[in-house]
Amino acid sequence: MLTKHEFSVDMTCEGCSNAVTRVLNKLGGVQFDIDLPNKKVCINSEHSVDTLLETLGKTGKAVSYLGPK
């Protein structure tokens, strides 16, 4: 079952959102929407929150979990 999670990611530009897209596509098994102006990433996935946080953290950006959507 897919769960929708919302994360805050400190993205300031297209390059930041591209980095998020890259790490999530590499992880696989995710559907996601990036809301650059509001610095939010909504992820639909079977992965655990810890896995998603760790993956988003690979971008080098500040990441926090906002909760289930």
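Over residues 2-64 the chain is 37% helix and 33% strand, with its end C-alpha atoms 20 Å apart. That stretch is where UniProt, in an unreviewed entry, places the feature "domain: HMA"; UniProt positions here follow the numbering used in this report, feature names are shortened, and annotations may be inferred rather than shown by experiment. Helices (H or I, at least four residues) and strands (E, at least two) are DSSP runs, numbered from the N terminus.

A quick word on ground rules. This is a predicted model, where local features need pLDDT of at least 70 and side-chain atom pairs count only at pLDDT 80 or more, while totals for chains, interfaces and linings use all residues. Residues are numbered from 1 along each chain as its sequence is written, and side-chain values use heavy atoms, leaving out hydrogens and water.

**The sheet and its helices**

Four strands form an open sheet in the order 2-3-1-4, with antiparallel pairing. Strand 2 and strand 4 are the edges, each pairing on one side only. From one strand to the next, the twist averages 25°.

Now for the helices. Helix 1 lies across strand 1, strand 2 and strand 3, and runs at about 170° to strand 2. Helix 2 lies across strand 1, strand 2, strand 3 and strand 4, running at about 35° to strand 1. For these angles, axes are lines fitted to C-alpha atoms (for helices, over the stretch in contact), and values run from 0 to 180 degrees between N-to-C directions.

**A look at T55**

T55 sits in helix 2, which covers residues 49-57. With 5% relative accessibility, T55 counts as buried (buried means under 20% relative accessible area, exposed over 50%, partly exposed in between, using a 1.4 Å probe and protein chains only). The T55 side chain reaches the backbone oxygen of T51 at 2.8 Å. Leaving aside residues up to four places away in sequence, T55 touches V23, L24 and L27, where contact means heavy atoms within 4.5 Å.

**Two salt bridges**

Searching the whole structure turns up two salt bridges, each being a side-chain nitrogen of Lys or Arg within 4 Å of a carboxyl oxygen of Asp or Glu.

| Salt bridge | N to O distance |
|---|---|
| E6 and K69 | 3.8 Å |
| K39 and D10 | 3.2 Å |

Take the E6 and K69 pair. E6 counts as buried at 16% relative accessibility, whereas K69 counts as exposed at 61%.

The other pair is K39 and D10. This one also links distant parts of the chain, with K39 in the loop between strand 2 (30-35) and strand 3 (40-45) and D10 in the loop between strand 1 and helix 1 (14-27), 29 residues apart. K39 is partly exposed, at a relative accessible area of 32%, and D10 counts as partly exposed too, at 38% relative accessibility.

Methods. Polar contact = N/O pair within 3.5 Å; in protein donor to acceptor, adjacent residues only side chain to side chain. Pairing = 2+ DSSP bridges.
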